[in-house]
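Open the model in your viewer and keep the selection tool ready. The stops below say what to pick next and what is there.

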Amino acid sequence: MSNVPHDDPPLIAAGGNALYRAIFEQSPEAMVLTRVRDGVLVDVNQAYLNLCGYSRDRVLGRTAMELSMWADEATRERVLSPLATGGQVRDVDVTLRTQDGSLRQICISVSQVEIQLQAYLLFYLRDVTALRMAQAAVLSDEQALERANEQLNRQLTLHQMTEAVAKVGYWVVYPGDAMVHLSRGYCEIAQMGGAQVVPVGEHLQSVVDEDRPLVKRALKQMDDAIVEYRWRRPDGKVIWLRSRVQRQVELGVIRAEFGIVQDISSERAALQVAADQLAATQRSEERFRALTALSSDWYWEQDAEFRFIRFDGDHESTKARPDESYLGKTRWDSGVLGVTDAQWEAHRAAVYAHEVFLDFQMQRTREDGSLMWVSISGAPVFDSEGSFKGYRGTGREISARKQAEADIERLAFYDPLTELPNRRLLIDRLSQAIAASARRSSYGALLFIDLDNFKVLNDTRGHHLGDELLKQVAHRLTGCVRSADTVARLGGDEFVVMVEEIGETELDVAAQADAVGKKVLIALNQYYDLEGQTHHSSPSIGVALFFGQQQSVDELLQRADLAMYQSKAAGRNTLRFFDPVMQAAASARAVLEADLRRAMEEEEFLLHYQPVVDEVGKTTGVEALLRWNHPTRGMVEPAEFIPVAEQTGLIFPLGQWVLAGACMQLVAWSASPSTRRLTIAVNVSARQFRHPEFTPQLLDLLRITGANPYRLKLELTESMLLSEFDDAIGKMGELRSMGVSFALDDFGTGYSSLSYLKRLPLDQLKIDQSFVRDVLVDPNDAAIARTILSLARSLDLSVVAEGVETAGQRDFLLRNGCKAFQGFFFGRPVPLESLQLSPD
């Protein structure tokens, strides 16, 4: 069934109309011609064979259903049904099964044509698999962004509700900013309207004049001290505010100044009433009741032995006031929690000295067993002779306020996704650990952890699964270290583990750090369950040791980061320690990167050209080679600066400059009969070729310069093409349809997969010079060279042998069928003015 039936018209059969065959066969779009009466394929072009993976003999004479290219008969009937009523099929998406069983998303259009009184269907097929995947990814990203916005709005709403309940707000001033940024809670307390920012100079205008020096002194000292002052609101009412001001400093640099503000007017009023009550001991019980009503939550009294003798306040409504079981007990034997030893001692000293105390904070247990925070303020009571009689004061529940403070701290110092410390908190703890290591004469270690191929998971299965993986990684990391150690997330898929006091010598600490790192490797290599789907992920780990102030925090993080990249370079899923050689290499690379950027601005790059000759020594073209003439170092080898350009993204503008130079030289050569047939080959790097703008910018360049695309050849490497293979084929096909040709450079040194090679729209293979160099003395190299030449002939590809340096090498290659050569034997790479072309 491989032959076309004889009743098909000559126009369709092989050997028919030459113009039709040329248009049909060379079209970049896949085309198929089938008979209407039985659906048999009678003609296909090369683009279709490339798409489906079949040979021509395999498909001709068969139906599409026999080849399993349609999902089912119903799908075929549905898609082609408009043709039955004279309609058309345009841009319909279907699923096509290729020869290897894989499924591709195909956009098809179908026209019905009549050739020599027979009806045929002409199919046009376009592979849109990558396009549809990209559209799906964009939709997924938009949905993820919408979810993130919803979560942020919920957090903001919760934060605002917390401020309102606790009557708490805050303000922030950033260095160099002339404005004070205010929270909504602060604006509501001070009745500042909807203003979210006010000039720094206006911020204190509403502080009562007598209290302004106190506030200014607190702002100047920024020592976390509590300051209480009066504030005059726009309606004329004076309220009392309690504020704690702080300065955020990182690595000696001020990042922000901020203050947390609370409305304590009711507490102040209660204390004032209490003072009046203490001075007038003859007042009635009703006055005590009035004092209780004005207090925050409850009123209390103690005798001269500091035992509680009275509580007033609605215990049922507040659930915060101590019950009668506390009578006869002192504060420190009544089950108080959440107070440090130092705080207890300071409070005892104030009480024994008969001093007023304000806002002594502690935790108590509710009747249901839950914990709450309370704030106690009190003043001593003396009789008319000055003898101490006890204490009287007020108490209030401040759980909402403490929660607001905790929320603010969590937002500032913890990662919201994993709840691990963030970069800011890590740097603070690392600074303390570095200082403590010297005092304790003990080393610590920093493990920088990056997840391998995390971007692939995000891109292919969605960011929500990526987030789930990060949370599980955080949980596993926490289980690998001690509670005293720190696990932090820096952002993205980067984590840091800081372990302290793990050895007193470098040898010991290295062994301990290695053990922790291997524990992490084992834990993170276990399979993950992501919404019912099994996923494997591995880490790359870099380790840096620290002791004392030998390195700053930034230097230590950089060392661990460099070691992590060495782990990546070693093949991933491994661990590497920092070595000073890494630092030297990184520093040299940084200098080279800066020089590269300057060189582009100073136009220090130039092109050299090396001739390519045919079997009789006639120059048929040149290869354009980039050179860098450094002002102090002279000519810098491409092998040194090209990888840095790749890593920094400079390769794209640099590569565009080379292509522009080649195109302009082609235009200049086109004016002379002796040079107009010369071709120019340009090496294109992997990152440059994968850039989404590479193809449109090259086509624009050809159009603007007027260069003949048939004289431009792009040289690609095997390793480049094996990554994102289908995208590479698409780009090559588009450019090749405009006349640009392609050569596979350094052939034989990479994967050399024939299954890939036969699908690539190539024109030429270049035998790598490593095989040419010993072709006369190494039988293996000779065999490889002969094999490449034979393979090229079978694939109808031309061959250029690189690195030909002797007549013997040329003659050997010539005897085995090579007809194009490049190397020092014919000419070295030289500037254009020194280029010598063989006579035409």
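Seven bridges join S9 to S10, and the strands run antiparallel. Pick Arg 232: its bridge partner in S10 is Val 238.

This is a predicted model, in which local features need pLDDT of at least 70 and side-chain atom pairs count only at pLDDT 80 or more, while totals for chains, interfaces and linings use all residues. Residues are numbered from 1 along each chain as its sequence is written, and side-chain values use heavy atoms, with hydrogens and water left out.

Now widen the selection to the sheet. Six strands form an open antiparallel sheet, in the order S8-S7-S6-S11-S10-S9 (strands pair if DSSP finds at least two bridges between them). S8 (197-199) and S9 (226-232) are the edge strands, each pairing on one side only. Neighbouring strands are turned by 30 degrees against each other on average, direction ignored.

Next, show charged side chains. The structure holds 36 salt bridges (a side-chain nitrogen of Lys or Arg within 4 Å of a carboxyl oxygen of Asp or Glu). Arg 230 and Asp 211 meet in one of them, at 2.9 Å, N to O. Arg 230 lies in S9 and Asp 211 in the loop between S8 and H7, so the pair ties together parts 19 residues apart in sequence.

Buried or partly exposed: which is Asp 211? Asp 211 is buried, with a relative accessible area of 10%. Arg 230 is partly exposed, at 26% (buried is under 20%, exposed over 50%, partly exposed in between, with a 1.4 Å probe and protein chains only).

Jump to Arg 489 and Asp 415, whose closest N and O atoms are 3.1 Å apart. Both are buried.

Finish by colouring by pLDDT (the predictor's confidence in each residue, from 0 to 100). The chain mean is 83. Over residues 152-166, pLDDT stays under 50.

Conventions:
Helices (H or I, at least four residues) and strands (E, at least two) are DSSP runs, numbered from the N terminus. Axes are lines fitted to C-alpha atoms, for helices over the stretch in contact, and angles run from 0 to 180 degrees between N-to-C directions. Contact means heavy atoms within 4.5 Å.
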